[in-house]
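Visitor: Can you walk me through this one? I'd like the overall picture, then some local detail.

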Amino acid sequence: MKSLQDNCGVFGLCSDTECVHDIFQGIDFLQHRGQEYCGISTFDGGIRQITHYGKVAGTFKYEDLEYLKGTRGIGHVSLWERQPVRWQCQLGEIAVAFSGNVLNSDELIADMKARGKAFFQGYDIEVICKIIMEERDVVAGIHALAKKVKGAYSLVVLSNDGIYAARDIYGFRPLILGKAAGRRAVASESRAIQNLEMEILRDVRAGEVVLINDKGFKTMAQLDSPRRAHCAFEWAYTASLDSIIDGVYVQEARNNLGKSLAERDIEEGGLEADIVAAVPMSGIGHALGYHRRSKINYQEVFLYNRYADRSYTQSTQLAREKMAKRKLSVLHYAVKEKRIVLCDDSIVRGTQILHKVRDLKKAGAKEVHVRIACPPLMCPCNFGISTRSHEELTARRYFKTGHIVSMEQLRELEVRIADEINADSVKYNSLDAFVAAMGIPREDLCLMCFDGRSPTETE
Ligand code: SF4
């Protein structure tokens, strides 16, 4: 199994006019989903394509946008691989981009090699494309993906017919449709649609294949979906605060998760503190929820360096640590002599929260109480988010057998983590509290990070 997976964002647009500037902006609005590579393909009778190493705004030049002619196209941002990829095949010329992860890629590659197929680098996108291209049309190709691929994917295929948009049969990764006069779009997150002055139409359903072209949106297939398994981490961390996914606002979910942490503190006797603060940016929604329920004043304690990247999606540990240092500086005036409730989304390795607690105490904070929106992370993700091996997950070091099953175990872990990161206390949301706060039925969520249960395996 791979120890590190990627996370990315896809965008597609059919327009009555030249589309490239909207696609450029669309993937720019998805930049938080991957910062290493970006790319755009457009169609003007044939496919034109440019990919870059780096971020959207810093790499696409005026000449690139001039070259990318056409009224429809797709775009991609990624942590690991250049996309879209373009092929000449029996389906004509196509370009494909996807967000997700193919768990059984080794097996699929071996099978295709045995049948005479050649592979360039063996990336997941190559596997996805080759499965699609073996079939008589794109819809049949996506059908074949559902049968053969174990994993998670939301994908867009640019072809002579228009743009095909599809979500895997569990609906792990988000994918949403939007429209405005003369424009029809699909995006990994609604913010890319809303910020382009388009209206949200609806989410693509798990297992649905939609064709987008100048005639509008057409469902070409609805594949059988054994269950939904939307990635719970999207609402807690990955997605942007201004997005709505599968009918639930990210901001609302984060506020509720913070509120739930405050309620636990109230139920357990109350917490004496002067301020509630967030680890920016992903802790802000949680901290505001905590503040509103606890009535403890909200105060920023870190200044966010908007020119630094999000540390989680950096591809190496060293890059992450350097970036974390560049990212936040302490607001000493706000912190001195204060008892602080510090909210964040999750603890992965524990090093970053350790540094934050240390920095606040060094700046004169009297107490730091850490409150974490997600339950303890006990299992690496198989489906496309960049968590690491079991050994690197801090909580897992204390519970080697699996996941937390009782509040006693959770409290025991919290004491150990508080000790490890030198905080005055640590509390997480329990898994039950987490699910209740999200407001999404448990059976529609992937919670494998927290309980180790793969939603794709029947029990
Ligand atoms: S394992 Fe975790 S990060 Fe991966 S899809 Fe499931 S909930 Fe999301």
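**Overall build**

Guide: With 459 residues, a compact globule would have a radius of gyration near 23 Å, and the chain agrees at 22 Å. That radius is taken over C-alpha atoms, and the globule rule is 2.2 Å times the number of residues to the power 0.38. This is a predicted model: local features need pLDDT of at least 70, side-chain atom pairs count only at pLDDT 80 or more, and totals for chains, interfaces and linings use all residues. Residues are numbered from 1 along each chain as its sequence is written.

Visitor: Which domains does the assignment give?

Guide: Domain 1 (8–226) and domain 2 (248–451). The bounds come from an automatic or database domain assignment. Their centres, taken over C-alpha atoms, are 33 Å apart.

Visitor: How many helices and strands?

Guide: The chain has 17 helices and 23 strands. These are DSSP runs numbered from the N terminus: helices are H or I with at least four residues, strands are E with at least two.

Visitor: Now Thr-71. Where does Thr-71 lie?

Guide: In the loop between helix H3 (62–67) and strand E4 (72–78).

Visitor: Why is Thr-71 classed as partly exposed?

Guide: Because Thr-71 has 19 other C-beta atoms within 10 Å. Buried takes 20 or more, exposed 12 or fewer, and partly exposed is in between, with C-beta atoms placed from the backbone.

Visitor: And E4, buried or exposed?

Guide: Seven of the seven residues in E4 are buried. Arg-72, Ile-74, His-76 and Ser-78 lie on one side, with Gly-73, Gly-75 and Val-77 on the other.

Visitor: Which strands pair with E4?

Guide: Strand E1 (residues 8–15) pairs with E4 in the antiparallel sense over seven bridges. Strand E2 (residues 37–43) also pairs with E4 in the antiparallel sense, over seven bridges. Pairing needs at least two DSSP bridges between strands. Cys-14 stands opposite Arg-72, and Tyr-37 has Ser-78 as bridge partner.
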